[in-house]
Amino acid sequence: MMKNIDFRFIKTNGIHLHTAVVGPENGPLVILLHGFPEFWYGWKKQISTLANSGYRVIIPDQRGYNLSDKPKGIKQYTIDKLRDDVIGLIECFGRKKATIIGHDWGALVAWHLASTRASYVDKVIPINVPHPAVFMGNIVKHPTQMFRSSYILFFQTPVIPEKLLSENDYKAIKNMMLISAYPRTFSQQDLQQYEASWSKPNALMSMLNWYRALRAGTMGQISNERVTVPVRMIWGRKDQFLSFMLAKESMKMCDDGRLTMVQEATHWIHHEQPEILNKLILNAIHGG
């Protein structure tokens, strides 16, 4: 898998995104969007399956992450800008639309693109993150979800999160990933790869700016419009961060929505259950 990946710096929306490209040039376009605190590497168990199935697979380090540009200022990380980065990728490859697969924050971007610029989307496959409007509308109504999401409030603080999260070779972030996943989900090699990406100049601050942009424009940009393109949502039932209730509520926002729950998976389903997830993704793309 690693040998066949073509890495490029692609100009889009005024910045350059470090992007992994694999699969036949004339294949249908599939874009994989990672979340916090990952980068393109987080999709390593999906890449070969999609490429070998004939898809042109595009996996960017999203804005602020790893080797991609890290523009200064919280307003550079609002959800409209993140969406427009993806639109630029689609246009760069000479396509009119793509299937968008997203996990965590990547799923929020995928939802937002499908909600506000549906003409660029064939299908959207959000993994373990609800529709943005559903998330924001329910977080204050349900104390349990508010508790689960309390880290978002901590991330709003300047400087302190960067200092605490980077201490002891990023031990806090590593522990967050290890504790919230099944045992042996992340190897030491995986954690070394992630640490290398977090250690890039200004990377951690830029990653946190995605959360800080919630108060700097993102909240006002979230759409309450129904999603008209096909949505094939996949959810690891043992997610410690987000309630399954939010997944079910998200289906009410879709004209053509289907939700599949994977019982033996957490928030990190793409690492824990790659065979199951890959089969579900292929079925969704093929029209299942």
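Me: Thr-266: buried or exposed?
Reply: Buried, because its relative accessibility is 4%. Buried means under 20% relative accessible area, exposed over 50%, and partly exposed in between, with a 1.4 Å probe and protein chains only. The model is predicted, so local features need pLDDT of at least 70 and side-chain atom pairs count only at pLDDT 80 or more, while totals for chains, interfaces and linings use all residues. Residues are numbered from 1 along each chain as its sequence is written, and side-chain values use heavy atoms, with hydrogens and water left out.

Me: Where does Thr-266 lie?
Reply: In the loop between β8 (257-262) and α12 (269-272). Helices (H or I, at least four residues) and strands (E, at least two) are DSSP runs, numbered from the N terminus.

Me: Which side chain does the Thr-266 side chain make a polar contact with?
Reply: That of Glu-272, at 2.7 Å. A polar contact is a pair of N or O atoms within 3.5 Å; within protein, one must be able to donate a hydrogen and the other to accept it, and residues adjacent in sequence count only if both atoms are side-chain atoms.

Me: What else does Thr-266 touch?
Reply: Leaving out residues up to four places away in sequence, its contacts include Asn-128, Ser-180, Tyr-182, Lys-238 and Asp-239. Contact means heavy atoms within 4.5 Å.

Me: Switching to Gln-62. Buried or exposed?
Reply: Gln-62 is buried, with a relative accessible area of 3%. Its place is the loop between β4 (56-60) and α2 (79-92).

Me: What does the side chain of Gln-62 reach?
Reply: The backbone oxygen of His-34, at 2.9 Å. Gln-62 also touches Leu-17, Leu-33, Ser-68 and Trp-210, among others beyond four places in sequence.

Me: Now the lysines. Is Lys-44 buried or exposed?
Reply: Buried, at a relative accessible area of 15%. Lys-44 lies in helix α1.

Me: What does the side chain of Lys-44 make a polar contact with?
Reply: The side chain of Asp-190, at 3.4 Å. Lys-44 and His-270 are 226 residues apart in sequence, yet 9.0 Å apart in space, C-alpha to C-alpha.

Me: And Lys-123, where does that lie?
Reply: In strand β6, residues 121-127. Lys-123 is buried too, with a relative accessible area of 16%.

Me: Which backbone oxygen does the Lys-123 side chain reach?
Reply: That of Ile-285, at 3.2 Å. Besides Ile-285, the residues touching Lys-123 include Ala-98, Ile-100, Pro-230 and Gly-287.

Me: Cavities next. How many of 30 Å³ or more turn up?
Reply: A search of the whole structure finds 1. On a 1 Å grid over the protein atoms alone, a cavity is a set of points where a 1.4 Å probe fits but cannot get out; lining residues have an atom within 4 Å of a point. Grid points are joined across faces, edges and corners, and a volume is the space filled by probe spheres set on the points.

Me: What lines the largest cavity?
Reply: 19 residues, with Trp-105, Leu-108, Phe-135, Tyr-151 and Ile-152 nearest its centre. The lining divides into 15 nonpolar, 3 polar and 1 charged. Here Ala, Val, Leu, Ile, Met, Phe, Trp, Tyr, Cys and Pro count as nonpolar, Asp, Glu, Lys and Arg as charged, and the others, Gly among them, as polar.

Me: Which helix gives the most to that lining?
Reply: α4, with 3 residues. α3 (105-116), α4 (132-139) and α6 (150-155) each supply at least two.

Me: Backbone check. Where is the cis peptide bond?
Reply: Between Phe-36 and Pro-37, with omega about 0°. Pro-37 sits in the loop between β3 (29-33) and α1 (44-52).

Me: What is phi at Asp-169?
Reply: Near 60°, a positive value in a residue other than glycine. Asp-169 is in helix α7, residues 160-180, and is exposed at 52% relative accessible area.

Me: And what is phi at Arg-184?
Reply: About 70°, positive although Arg-184 is not a glycine. Arg-184 lies in the loop between α7 and α8 (188-198). Arg-184 counts as exposed, at 79% relative accessibility.

Terms used:
On a 1 Å grid over the protein atoms alone, a cavity is a set of points where a 1.4 Å probe fits but cannot get out, and a pocket is an open set with protein on both sides within 12 Å along at least five of seven lines; lining residues have an atom within 4 Å of a point.
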